[in-house]
Amino acid sequence: LPDGALVQPKTSEVQRHEFAVLQTQAKARIQSMFGTPRARPIVVFIQDTKAFWPFTLPSTGGAYFIGPRACLMLGPNGQNVDVISHELMHAELFERVGALRRLIEVPMWFDEGLGMQVDFRSRYNWEEQQSGNSTVFVRQFKSFRQFHQVNEKQRVKNYAAAKIEIAQWLNVVDKKTLYEHFKLVSDGETFDAMLAK
């Protein structure tokens, strides 16, 4: 596509245009909430997930990190502004914090909760999932495996809890300072120290 996104060869001109519009809308959503995004990930729109066999690709979307680049794979169920915005936020965190600092400092609940700030799908609202304290529940999920390798009902609950947790934090620190907080971590602050500022 003109902005560098990749599509499968048989993608129609109408779909190509729709994908370009969706990316523009997703970037605008991030900009309006947090400021201008800096990340330039490789974005791949996939119509046929079986075309990548033997690799298993998500039907919705996923962010993958290859060296210094983020790669966003957007399956047929993830070709909407919510999922694209969500995945772009993973790329933004990766870009601003750095690969190593993201790996050793940033817990999965924070990364996913951040993505959920620009993902407005109602099934991930905490009130829809459970009442009670999201902090105690969600902060135990530090790794990819802990957060994601659970049944679908639990995974939805994890996303909902992470979403409300980050929203509450951003209400305190001001969402327009998010990128400044990322810089603290890239400059060597621990994640816990950054969260406390």
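In this predicted model, Glu 92 and Arg 96 form a salt bridge, with their closest N and O atoms 2.5 Å apart. A salt bridge here is a side-chain nitrogen of Lys or Arg within 4 Å of a carboxyl oxygen of Asp or Glu. The two residues are four apart in helix α2, so about one helical turn separates them. Helices (H or I, at least four residues) and strands (E, at least two) are DSSP runs, numbered from the N terminus. Glu 92 and Arg 96 are both buried, where buried means under 20% relative accessible area, exposed over 50%, and partly exposed in between (1.4 Å probe, protein chains only).

Residues are numbered from 1 along each chain as its sequence is written. As the model is predicted, local features need pLDDT of at least 70 and side-chain atom pairs count only at pLDDT 80 or more, while totals for chains, interfaces and linings use all residues; side-chain values use heavy atoms, with hydrogens and water left out.

The count of salt bridges comes to 11. Another of them joins the side chains of Asp 82 and Arg 29, at 2.6 Å from N to O. Asp 82 belongs to helix α2 and Arg 29 to helix α1 (residues 13-34), so this pair ties together parts that are 53 residues apart in sequence. Asp 82 is buried at 15% relative accessibility, and Arg 29 is buried as well, with a relative accessible area of 17%. A further salt bridge links Asp 119 to Arg 121, whose closest N and O atoms are 2.4 Å apart. In this pair Asp 119 is buried at 0% relative accessibility, whereas Arg 121 is partly exposed at 23%. Salt bridges that share partners also join Arg 123, Glu 152 and Arg 155 into one network.

The largest cavity is lined by Lys 27, Ile 30, Pro 37, Ala 39, Arg 40, Leu 88 and Glu 92. Cavities and pockets are found on a 1 Å grid over the protein atoms alone: a cavity is a set of points where a 1.4 Å probe fits but cannot get out, a pocket is an open set with protein on both sides within 12 Å along at least five of seven lines, and lining residues have an atom within 4 Å of a point. Grid points are joined across faces, edges and corners, and a volume is the space filled by probe spheres set on the points. There is one cavity of 30 Å³ or more, and the largest cavity holds about 50 Å³ of space. Helices α1 and α2 each supply at least two residues of its lining. That lining divides into four nonpolar, no polar and three charged residues; Ala, Val, Leu, Ile, Met, Phe, Trp, Tyr, Cys and Pro count as nonpolar, Asp, Glu, Lys and Arg as charged, and the others, Gly among them, as polar.

The open spaces come next. The largest pocket has a volume of about 620 Å³. It is lined by 24 residues, of which Gly 61, Gly 62, Glu 87, His 148 and Tyr 159 are the closest to its centre. Two or more lining residues come from each of β3 (61-66), α2 (81-97), α4 (108-116), α7 (144-148) and α8 (152-173). Strand β3 gives the largest share, five residues. By type, the lining of the largest pocket comprises nine nonpolar, seven polar and eight charged residues.

The second largest pocket contains about 170 Å³ of space. Its lining consists of Arg 102, Leu 103, Glu 105, Val 106, Pro 107, Met 108, Asp 111, Lys 142, Ser 143 and Phe 144. Elements α3 and α4 give two or more residues to this lining, and the largest share, three residues, comes from α3. Five of the lining residues are nonpolar, one is polar and four are charged.

Helix α4 is mostly covered, with nine of its nine residues buried; among them are Met 108 and Asp 111. By contrast, Leu 103, in helix α3 (residues 99-105), is exposed, with a relative accessible area of 65%.
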